[in-house]
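Grab a viewer and let's work through some charged pairs together.

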Amino acid sequence: MALYLVPGAVTPVRAEWLDGERTLRVEATVPVESSQSTTPMRIYQEFRLVEGDQELQLIELHSTRGKPLVYRFTKVTGEK
């Protein structure tokens, strides 16, 4: 099913630090429209510092999906 952002709609976003400011939790409610109706899509994200602050893990869950997306970013240094 194709979902589109509602033109001109406002997306409420809430953020909160967890785990001694090592995890940032972000929740957004995005108004989307399909061929059938307009509905809010909830997006939940956690940004976590891991591996001694050398990696950032992003866990993202959409209310329209059954499984989370997981991304892992590694810090690149200028050392050679």
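**Exercise 1: a loop-to-loop pair**

Arg22 comes out partly exposed, at a relative accessible area of 35%. Keep in mind that this is a predicted model.

Task: find which residue Arg22 forms a salt bridge with, and where the two partners sit.

Solution: 
- Step 1. Look for the partner: Asp53 pairs with Arg22, and their closest N and O atoms are 2.8 Å apart.

**Exercise 2: strand to strand**

Task: work out which parts the salt bridge between Glu27 and Arg42 ties together.

Solution: 
- Step 1. The side chains of Glu27 and Arg42 meet at 2.9 Å, N to O.
- Step 2. Because Glu27 belongs to strand 3 and Arg42 to strand 4, the pair ties together parts 15 residues apart in sequence.
- Step 3. Glu27 is buried at 17% relative accessible area, whereas Arg42 is partly exposed at 41%.
- Step 4. Widen the view: Glu16, Arg25, Glu27 and Arg42 are linked in a network of salt bridges.

**Exercise 3: buried or partly exposed?**

Task: classify Glu46, given that buried means under 20% relative accessible area.

Solution: 
- Step 1. Glu46 has 11% relative accessibility, so Glu46 counts as buried.
- Step 2. Its salt-bridge partner is Arg48, with the closest N and O atoms 2.4 Å apart.
- Step 3. Arg48 is partly exposed, at 30%.

Note on methods: Residues numbered from 1 in each chain as written. Predicted model: local features only at pLDDT ≥ 70, side-chain atom pairs only at ≥ 80, totals over all residues. Heavy atoms only, no water. Salt bridge = Lys/Arg side-chain N within 4 Å of Asp/Glu carboxyl O. Helix = DSSP H or I, 4+ residues; strand = E, 2+ residues; numbered from the N terminus. Buried < 20%, exposed > 50% of the residue type's maximum accessible area, 1.4 Å probe, protein only.
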